[in-house]
Amino acid sequence: MQIYEMLIDGAWVPAAGGQTFETENPYLGAAWALVPRAGADDVDRAVTAAHRAFRGPAWRGLNPTARGHLLRRLADLIAADADRLAAIETQDNGKLITEMRAQLRYIPQWFHYFGGLADKIEGRVIPIDKPGMVNFTREEPLGVVAAITPWNSPLMLATWKLAPALAAGNTVVWKPSEFSSVSALEFGKLFEKAGFPPGVVNILTGFGAEIGEALVTHPRVAKVAFTGGDRTGADVYSLAARGIKPVTLELGGKSANIVFKDASLDNAVRGAVAGIFAATGQTCIAGSRALVHRPIHDEFVGKLVALGRAARMGDPALDTTQVGPITTRPQRAKVLDYIEIAKTEGATCVLGGGPASRPECGNGWFVEPTVFTGVKPNMRIAQEEVFGPVLSVIAFEDEEEALEIANDTQFGLAAGVWTQNIGTAFQMSEKLEAGTVWVNSYRATSYLSPFGGYKRSGIGRESGLTAIREYLQEKSVWFDTVGEVANPFVQR
Ligand code: NAD
């Protein structure tokens, strides 16, 4: 059993109360590391350190070019360590090594991009209407950012927050998910190595239910950047509201993959599989509803089921595996519950429909790739996020009905449109209520492109130019050049 410490004020420390918790390998179904279980005292230690670092000369006095240089040095260190970090992610959260490796090799781009942006954060000179006055703006960091992240794609989703937050000059207290702490702690060592001053990045491991409130409501936390489920997101939002703190919330989804009869069917089927069986369906952008034009419904389902059935399940550390385990025991129970709910609601299970007991799955927490047809848009299986390899297929008659069904959910994270008709593609991309729309593609993201949710899928954007603004505040500065204070009883 490996024993880890967490990062506070540049030092590796146990929890103040000495408590730890076990982290489990989802493929082996067994614990493999012990991680500090932070308490309220640790939250205060970490936030105080981050606040001191924010005010201190080592970080505040660093010019933006040098700050950008630190981020880019970090990017190079991550690139050099990518495959090792990917292996730790797979051991910790059970996601495929092939996907984790690709993510880890791509993560440096965020630090390069936002590192490059650090010295291009500029204010404006306002052509002010008051005689004798000069008015300009400054873009300033907010202070201590609490970054709270989930267990799917742990390092990538943290990077989406840390890179812009640091580029803008903030300091960070990062609380990774209790189900994926180890990769965060290994990642933390690289910040030290890159030369970030102590306290600029702190990592607190522990349970959201135990330290989340103390962190979000800590008076010295200036902003909360959260990725996770919509219910937790709503709690975090209301806790942050007590302190009038800005938030970004990246929450769940019930995204529609919409297939028209003129689509390239083979591509659309592959897109549907990418949307729901890749990452074992554990992605916020999972295309968990396939809306299929009625004339091609049966052919589409036939091809989909064949591809889903052929997916190789097993050890996520093997390059040949295509579907790995569910990351956590409670999540597996939740996915299996939803499968039962769908059956009770009257949907027809045409693939999978329960736990996987293939020999190559060992003691892992597996669920068979599952497809339901005959799903009605108002069923729970069509409305609620499952976060597992469970697809609801819904037939539609025309474009209007496809749009109505696609938009008829409380979520609005992403959507896919499969058609050869450019007019249909354009109309759909305009009318879909989703933060991301892919046409004849699915599940592409980039450091260059804004990502975020409509409706209950979230607030704010990550990645791209927009993201840096989430970590800045604008100050308006006025100078009098005349040297005479006019009538003080009248507003100037
Ligand atoms: P979760 O909401 O259970 O936990 C997310 C994080 O919040 C964890 O670090 C957890 O410890 C912490 N937390 C829990 N209770 C808290 C509290 N009261 N106060 C503060 N923090 C608290 O989510 P999860 O199960 O880890 O992740 C899966 C969810 O994340 C899914 O709903 C998925 O759609 C969503 N997600 C969204 C995106 C996106 O970018 N939109 C990306 C990935 C995952």
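Is Glu474 buried, exposed or partly exposed? With a relative accessibility of 44%, Glu474 counts as partly exposed, where buried means under 20% relative accessible area, exposed means over 50% and partly exposed lies in between, computed with a 1.4 Å probe and protein chains only.

The structure is a predicted model, in which local features need pLDDT of at least 70 and side-chain atom pairs count only at pLDDT 80 or more, whereas totals for chains, interfaces and linings use all residues. Residues are numbered from 1 along each chain as its sequence is written, and side-chain values use heavy atoms, with hydrogens and water left out.

**Overall form**

The protein chain has 16 helices and 21 strands, these being DSSP runs numbered from the N terminus, with helices (H or I) of at least four residues and strands (E) of at least two. For a chain of 492 residues, a compact globule would have a radius of gyration near 23 Å, and the 24 Å of the protein chain agrees with this; the radius is taken over C-alpha atoms, and the globule rule is 2.2 Å times the number of residues to the power 0.38. Along the principal axes, the C-alpha atoms fill a box of roughly 80 × 55 × 40 Å.

Of the 492 residues, 57% count as buried. Where contacts (heavy atoms within 4.5 Å) join residues at least 6 apart in sequence, 74% of them are between residues at least 24 apart. The accessible surface comes to about 19,900 Å², of which 52% belongs to carbon and sulfur atoms; such areas come from the Shrake-Rupley method with a 1.4 Å probe.

**Salt bridges**

The structure holds 27 salt bridges, each being a side-chain nitrogen of Lys or Arg within 4 Å of a carboxyl oxygen of Asp or Glu. Three of these pairs are set out below.

| Pair | Closest N and O atoms | Relative accessible area |
|---|---|---|
| Glu186 and Arg84 | 3.1 Å | Glu186 7%, Arg84 38% |
| Glu474 and Arg124 | 2.8 Å | Glu474 44%, Arg124 47% |
| Lys303 and Asp266 | 2.8 Å | Lys303 32%, Asp266 46% |

In the salt bridge of Glu186 with Arg84, Glu186 lies in helix H7 (residues 181–194) and Arg84 in helix H3 (residues 64–93), so the pair ties together parts that are 102 residues apart in sequence. Glu186 is buried, whereas Arg84 is partly exposed.

Glu474, which forms a salt bridge with Arg124, lies in strand E21 (residues 472–480), while Arg124 lies in the loop between helix H5 (108–117) and strand E6 (125–126), so this pair ties together parts that are 350 residues apart in sequence.

The salt bridge of Lys303 with Asp266 links distant parts of the chain, with Lys303 in helix H11 (residues 297–310) and Asp266 in helix H10 (residues 265–276), 37 residues apart. Salt bridges that share partners also join Asp81, Arg84, Glu186 and Lys189 into one network.

**Backbone angles**

Most residues other than glycine have a negative phi. Ile244, however, has a positive phi near 50°, and its place is in the loop between helix H9 (230–242) and strand E12 (247–250). Phe387, which is not a glycine either, has a positive phi of about 65° and sits in the loop between helix H13 (380–383) and strand E17 (390–396). Ile244 is exposed, with a relative accessible area of 75%, whereas Phe387, at 14% relative accessibility, counts as buried.
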